[in-house]
Amino acid sequence: HFSGRITAPLLFAGAIAMQLLEKRNIFIGSRIKSIYNVDDDNFIGECINKNLLDKLKSMEFPVFSEEKKNAMKSEIQRAKKEGDSVGGIAETFILNLPAGLGQPFFDSVESRLSHILFSIPAVKGIEFGKGFDITRMRGSESNDAYSVEKSNIITKSNNNGGITGGITNGADIIFRAAIKPTPSISLVQDTVNISSMESTKLQIEGRHDPCIVQRALPVIEGSVALVILDLILERDGELWK
């Protein structure tokens, strides 16, 4: 149950959930934000749209920068050659969510998403919006002020990743998930023999993935789709009115 194979049901169920959400004009997509110490290019929030998500989904290695993609792949190949592994960060976008989903306390949108995301093997951290970088801002900067545009209430910024007080605010949800390096590696590692209670060495035979970040993207998207579908059904009782 520690294997990534446990995520197969999430892919099946998530694929169905995404089809239902897309009929409501809600779209989910991801990119590889970093591998090891190589970061992909940053983006301007206004550039995230369905066309970009479709483009990312069509890519074998979804990143914004071709140059950074090559650098990331080089780090993966280097780790593989050395019998080691690397991790990275997956960044996910949820577009066109209505405002008002979620609850302010135990069932906040962050709580619900984090609950299922931390159930995915290898996920070690989650941050929404600016995440930890929001601590470098003042409240006057980090608050997502509201404005009226074409008779719609919108936020002027999206520092909180589309969620305010645990409830969706109408902006796109943006979050990042930290994926740890694959623990099954070819290098000899220290362990213990629990029968003799002695220190010993462990060497795992067979084929090992030097990086699982790109494989984690559809799992994350499927998991997120299930949560969003649940939130809509809990509030509205149905998908369409």
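A crossing of two helices is called left-handed if the near helix is turned anticlockwise from the far one by less than a right angle, and right-handed if clockwise. This is a predicted model, in which local features need pLDDT of at least 70 and side-chain atom pairs count only at pLDDT 80 or more, while totals for chains, interfaces and linings use all residues. Residues are numbered from 1 along each chain as its sequence is written, and side-chain values use heavy atoms, with hydrogens and water left out.

**View 1. Helices α4 and α6 cross in a right-handed sense.** Look for α4 at residues 109–117 and α6 at residues 213–236, packed at about 140° with axes 9 Å apart. The axes are lines fitted to C-alpha atoms, for helices over the stretch in contact, and angles run from 0 to 180 degrees between N-to-C directions.

View 2. From α4, the contact (heavy atoms within 4.5 Å) takes in Val109, Arg112, Leu113, Ile116 and Leu117. Among its partners on α6 are Ile220, Val224, Val227, Leu231 and Glu234.

**View 3. The whole chain, for orientation.** Six helices and 11 strands make up its list of elements; these are DSSP runs (helices H or I, at least four residues; strands E, at least two), numbered from the N terminus. The C-alpha trace spans about 70 × 40 × 35 Å along its principal axes. Of the 241 residues, 41% are buried, meaning under 20% relative accessible area (1.4 Å probe, protein chains only). Of the contacts between residues at least 6 apart in sequence, 71% join residues at least 24 apart.

How values were computed
Buried < 20%, exposed > 50% of the residue type's maximum accessible area, 1.4 Å probe, protein only.
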